[in-house]
Amino acid sequence: MNRNNGRKIAERLMLLQDLFIKNADRTHAISMEAIRRHYCDNGIEGENSELVNIKTVYRDINALGAYYGLDIVYSEKHKGYILRNPPFEAYEMRLIVDSVQSSKFITQTEAKRLTEKITKHFGNARRHNLNRQAYVYDRIRSQNDSVVKQTDRIHEAIGADSKIGFLYFHLRPDRKKEYSNSGKQIIVSPYALYWNGGNLYLYAYDGKKFRYYRVDRMERISAPLQMEREGKDKFSDKDLTSPKVKMF
C-alpha cells in the first residue's frame, strides 16, 4: 500500500466513523447511498470522479468494526446500516441534557450553552430529539454564570487535599446580595459535593465544624491553596450516606 492510498483510506474511515457516531444508533439508519454521497461531499471520490464504489464502502465498514470496535450491521427493518454500540444511547444523552436543563444551580444562559455544546456532536436526526429546554417549576435559577467552571476548582482541591477560599452571599428579599464574613474571603477544607433539591452544596470543615455551602452562592472560588485540609479526624463516611443528600 502506497502512502497516498493509505492516506485516502484513513480519511474515509475518519469520515465514516464521524458519520455513524453522529447520525446512527439502533433506530437511526444510514443508507449505502448516503455513505457514498457523504464521501463525495467531503472531497473523496472513486475513479473517474464518480462516487466511491460499493465494495470500498463494505471494506470501510468492516475496517471500522475491526480497528475501532464499531458494531455496524445492515437492518432490513430500517433499510440501512445501524450502529448497535453508539458511544451514548439516545436515552443517556437525553438524561444528560435534561439534567443540565433542570439544574437550579446552572443559569439559563449556561444551560443553553452546555446543551448546544452537547448536541452539536450529533447530526440533525439525533439532535432533534435532544433539542429541548426544561422549564423548572417553582424554582429560581442561579444568577451566577461562573459557578460551573469554578466548581472544578473544588474537585481539584479535594483531590489535592487542600483548602480553598471564596466569597459567600445570601439573597435578601429584594434579591440583592448580602455577603457573609463581612465580605471577606472564607477559607475552608472541602470534602464533598452534594446534590439536594436541585441545588449543589459543598460539604466543608470551617475550622470548627462541618458546614454546607450552596455552590451557586459562592464567588471567586480560589485555586487549591497551599494549605492542607483540616477536619480529617472529624470527617466520617457516614456523612456521605445520609438520607438527606446524594453524593455528587
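**A pocket between helices, and the cores around it**

Helices H1 and H3 each contribute at least two residues to the lining of the largest pocket, where helices (H or I, at least four residues) and strands (E, at least two) are DSSP runs numbered from the N terminus. The model is a predicted one, in which local features need pLDDT of at least 70 and side-chain atom pairs count only at pLDDT 80 or more, while totals for chains, interfaces and linings use all residues. Residues are numbered from 1 along each chain as its sequence is written, and side-chain values use heavy atoms, with hydrogens and water left out.

A pocket here is an open set of points on a 1 Å grid over the protein atoms alone, where a 1.4 Å probe fits, with protein on both sides within 12 Å along at least five of seven lines, and its lining residues have an atom within 4 Å of a point. The largest pocket holds about 480 Å³ of space, a volume being the space filled by probe spheres set on the points, which are joined across faces, edges and corners. Of its 20 lining residues, Arg12, Val52, Asn53, Thr56 and Arg59 lie nearest the centre, and H1 gives the most to the lining, with 5 residues. The lining divides into 6 nonpolar, 6 polar and 8 charged residues, where Ala, Val, Leu, Ile, Met, Phe, Trp, Tyr, Cys and Pro count as nonpolar, Asp, Glu, Lys and Arg as charged, and the others, Gly among them, as polar.

Val57 is placed in helix H3. Its relative accessible area is 0%, so Val57 is buried, a term for values under 20% (1.4 Å probe, protein chains only). Beyond its neighbours within four places in sequence, Val57 is in contact (heavy atoms within 4.5 Å) with Met32, Ile35, Arg36, Tyr39 and Val52.

The largest nonpolar core has 20 residues, of which Leu16, Phe20, Ile35, Tyr39 and Ile72 touch the most other members; such a core is a set of buried Ala, Val, Leu, Ile, Met, Phe, Trp, Tyr and Cys residues joined through side-chain atoms within 4.5 Å. Helix H1 (3–23), helix H2 (32–41), helix H3 (54–68) and strand E2 (80–83) each supply at least two residues of this core, with the largest share, 5 residues, coming from H1. Apart from this core lies another, of 15 residues, among them Ile154, Tyr168, Val188 and Val215.

Across the protein, the secondary structure comes to 7 helices and 9 strands, and 39% of the 248 residues count as buried.

Definitions and conventions:
Buried means under 20% relative accessible area, exposed over 50%, partly exposed in between (1.4 Å probe, protein chains only).
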